[in-house]
Amino acid sequence: MAKGQQETLGVGIDCGTMNIVSARKVGDKVETKRIRDAFLELPRDSKKMLKLSGVSYVERGEELLILGDPALDTANIFGREVRRPLSAGLVSSSDIDAMEVLGLLIKNVLGEPKSPKEVCYFSVPAAPVDRPGQDVIYHRGVLGKIIAECGYTPMAGNEAMAIIYAETAKEGFSGVGISFGSGMTNVAVSLNTIEAMSFSVARGGDWIDAGAAKSIGGTQSRLCAVKEKGMDLMSPQGRDQEALSFYYKSLIEYALDQMVLQFASVQGKFTFPKPVPIIVSGGTSKAGGFLDLFKQVFDKKRKKFPVEVSEVRPASDPLNAVANGLLIQALQED
């Protein structure tokens, strides 16, 4: 294989609770591919209806499985909740169906390797500090096995550190990366590419949807749809949006409070020679007004931070930042 071709080997894949996103370098550009991390089971007699509507499905015994975005759309039509292979950011240890579907979803976005045993960096969250005793060993092992079965050499990468690799080149890869995902919120602190601290909290977009839905008597799928249609967190309209905005603010406050606690536990072990940026990313951060709300909450807590912050800015591509950061690591390996 020519040298120019060798330089394009390597792939990054962000295995999130809401979306699975892969990133590859093709020529001078990075191409991403996404699929919704969701599935819905329907009886076989729904086959004609699905064919008429053009919705793709997978046949399994006496059931039909709808994968990805169509699963969420169909669930909203029938007033049902979709199932997800990942729960609160981690692979379920008891749901055999979820593991099987997760394999289908990952294969969908990865495709075939460009060369035997091509390196694939996959995202792994840090262990949640608010769930003592829960680790990510099983999660990392399952994902690694699926990716190896796809013909790749799997390598695990910290989710929030991937954001720093993707977004802080001009700062020498120093900064604070925060990934507001669906199942978890991940945080990493880096000094010149070296991970100084990382942790996660077991709250994210799903926690927002579930809390808001319970508060107003709706379904989680419906509240998620309201959120994704577009809203301004700084100026919510109607009861649904107002409930969502309350929970968004609570999540940001909770994540920042945990950051202060974790910083305190390692204070004195590392120092930053100059102020560093906070990079806000993740699908949950894409809501309108999220950055303004984050800055508003952060300004009230800034004095408690032991690290001087130069600015708070969004990732250039919040939905794909983790996959892009993992791709950078994979390219270095190859």
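This is a predicted model: local features need pLDDT of at least 70, side-chain atom pairs count only at pLDDT 80 or more; totals for chains, interfaces and linings use all residues.
Colleague: At what angle do α7 and α9 pack?
Modeller: About 135°. The axes of α7 and α9 are 9 Å apart. Here α7 covers residues 205–216 and α9 covers residues 238–266.

Colleague: What does that make them to each other?
Modeller: Oblique, because angles over 145 would be needed for roughly antiparallel, and α7 and α9 are therefore oblique.

Colleague: Is the crossing of α7 and α9 left-handed or right-handed?
Modeller: The crossing is right-handed.

Colleague: Which residues meet there?
Modeller: From α7, Trp207, Ile208, Asp209, Gly211, Ala212, Ser215 and Ile216. Their partners in α9 include Arg239, Asp240, Tyr247 and Tyr248. Ala243, Leu244, Ser250 and Leu251 are also among the α9 residues in contact.

Colleague: How many of the residues in the contact of α7 with α9 are nonpolar, polar or charged?
Modeller: Nine are nonpolar, three polar and three charged.

Colleague: Switching to the sheet. What order do the strands take?
Modeller: β4-β6-β5, in an open sheet with antiparallel pairing.

Colleague: Which are the edge strands?
Modeller: β4 (39–43) and β5 (58–60). Each pairs on one side only.

Colleague: How are neighbouring strands turned against each other?
Modeller: By 30° on average, direction ignored.

Colleague: And how many bridges join β5 and β6?
Modeller: Three, with β6 spanning residues 63–67. In β6, Leu64 is the bridge partner of Glu59.

Colleague: Which helix packs on the sheet?
Modeller: Helix α3, residues 69–78. This helix touches β4 and β6. The direction of α3 makes about 110° with that of β6.

Technical notes:
Residues are numbered from 1 along each chain as its sequence is written. Side-chain values use heavy atoms; hydrogens and water are left out. Axes are lines fitted to C-alpha atoms, for helices over the stretch in contact, and angles run from 0 to 180 degrees between N-to-C directions. Helices (H or I, at least four residues) and strands (E, at least two) are DSSP runs, numbered from the N terminus. Angles under 35 degrees count as roughly parallel, over 145 as roughly antiparallel, 65 to 115 as roughly perpendicular and the rest as oblique. A crossing is left-handed if the near helix is turned anticlockwise from the far one by less than a right angle, and right-handed if clockwise. Contact means heavy atoms within 4.5 Å. Ala, Val, Leu, Ile, Met, Phe, Trp, Tyr, Cys and Pro count as nonpolar, Asp, Glu, Lys and Arg as charged, and the others, Gly among them, as polar. Two strands pair if DSSP finds at least two bridges between them.
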